[in-house]
Amino acid sequence: MKAVKVENLGIHYRIYHRQARSLKTVAIDILRRRYSYTQFWGLRNVSFDIEKGRMLGIIGRNGSGKSSLLKVLSGIYSPDEGSFQINGRVSALIELGAGFHPELTGRENIILNGAILGYSREEMAAKFDDIVSFSGVGKFIDSPVKNFSSGMELRLGFSVAVHSEPDVMLIDEVLAVGDKQFKKKCYKKIEEFREKGVTILLISHNMDEVNNYCETCLWLDKGNISAIGEPKKVTREYEKWLLTAEKDL
Amino acid sequence: MIKHIRQIIRFRELLKNFVVRDLKLKYKNSILGYFWSLLDPLLTMLLFMVVFSVFMKINVENYPVFLITGILPWNFLQMSLNGSLMSLVQSRQLIRKIYFPRQLLPYSVVITYLVNLLLSFLVLIPILIYYKIPVTLNVLYLPLAVTLLTLIALGLSLFLSALFVFFYDTLYASNSFIRLWFYLSPIIYPVATVPEAFRNVYMLNPITPIICLFRTGFLGTEPPALIFIVYSIVVALLAFITGAWFFHKAENNMVKII
């Protein structure tokens, strides 16, 4: 069974020629018939699919469309062209603690963050202790998040996110942060997800990570697929290409 | 439109969380939070009382009660619009990073102030007793008035919050508009002071009949003519539907540029 199926996907962005956009300038521009913007495709003609339980590594330079792809799959953007299909519940580790409010305590934020991720109060209450112990913030859980260190905030965010029960998990470079010990915990958690048959899409700049964990690697450049296939082969090609691209600079 | 409502029902837990968060933040660090939120309308009432009944000697029966029954619903509308205008931009981190129905943000602002409005009605009780105003069956008009005003607040909030993402001067435009709207609504003066010749044009303001309905409910005065009530219902529904339509029309681009 296919867990994720992406067909001919395209996302476009508009670059407005005006710096500050206001009702006033728009009114003037319309009168002068100069209301204009340039449209460019952040992602185009992207098609691929993933079998259930597999892990896909996504690589590419900055601005190649990796994050746009995950944003479409998590529902943040809706496709401007083409379509995609996901079987099951999606959970995204795109930005940890994005829903945290600095004035609320860790405890209140867990409930709020869980609600943003689509969990009911009961579901969150059942997981609450696990979330707190995994994050390791300990007794700080009842102080406002604004008093947390950035590491603590991150760990709490990650902890909330991984205690969801997704069928498909989207991970955007979040593993690059956090200390060694916490990273180890994260990899262990990912292993656990894989054993449960969760499909994972992972953006990474770490080729070893991709080679070790993924069955397939997708290389994006300028919004198009450059290559897709066996990780070792694709990452080698990508690194070779990066070297030549560097020379061009 | 059906999707708009269905998303809200599906994410009602989150909406509740947002409202609870807003109420908590509003009243946090002050046990007197609720009383602070009452102080402002009471001060406004006092101010207008002095200006209009002492200085200008306006002749309205029970003028203080008349004032407060107009100021409370007006404050709800005004604060809802001001609050929700920024609601999307203030949560841009969230919108960029996680999917959830974005209309929940302006909704939560309006609902927070709606709770505030209903709580502030409690302060009316001692005032009504003091002025010996009897409770009549007209109280039954109140739920209608609250519903219509909420629909208008929601429609405009959806519209303004989305527009503000695109154009920063929406803020100035809406501030001027709200100020004009205040003086064109029967908050500090009764409809009867408007000259007959302009009366029909004046009643085109959809919140005029609604404010009158609030007074009918609390003061037991005559309700506005049925035709005006029907007109308000139609406009309130239209405002809500148009606001939601605009919001979703703009949503895809909004998320990219926010």
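A nonpolar core is a set of buried Ala, Val, Leu, Ile, Met, Phe, Trp, Tyr and Cys residues joined through C-beta atoms within 7 Å. A residue is buried if 20 or more other C-beta atoms, placed from the backbone, lie within 10 Å of its own.

Good morning. The structure before you is a predicted model, in which local features need pLDDT of at least 70, side-chain atom pairs count only at pLDDT 80 or more, and totals for chains, interfaces and linings use all residues. Residues are numbered from 1 along each chain as its sequence is written, while chains are lettered from A and ligands numbered from 1 in the order in which they are written.

I begin with the core. The largest nonpolar core contains 123 residues, and A:Ile58, A:Leu170 and B:Ile152 are among those with the most contacts inside it. Its greatest contributor is helix α7 of chain B, residues 142-166, which supplies 16 residues; helices here are DSSP runs of H or I, at least four residues, numbered from the N terminus.

Next, the helix packing. The axes of α7(B) and α11(B) come within 7 Å and cross at roughly 25°; axes are lines fitted to C-alpha atoms over the stretch in contact, and angles run from 0 to 180 degrees between N-to-C directions. α7(B) is therefore roughly parallel to α11(B), a term for angles under 35 degrees.

Finally, the two chains. Which chain do 21 residues of chain B contact? They are in contact with 25 residues of chain A, contact meaning C-beta atoms, placed from the backbone, within 7 Å. On the chain B side, α2(B) gives the largest share, five residues.

Terms used: Buried ≥ 20, exposed ≤ 12 C-beta atoms within 10 Å, placed from the backbone. Helix = DSSP H or I, 4+ residues; strand = E, 2+ residues; numbered from the N terminus. Contact = placed C-beta atoms within 7 Å. Parallel < 35°, antiparallel > 145°, perpendicular 65-115°, else oblique.
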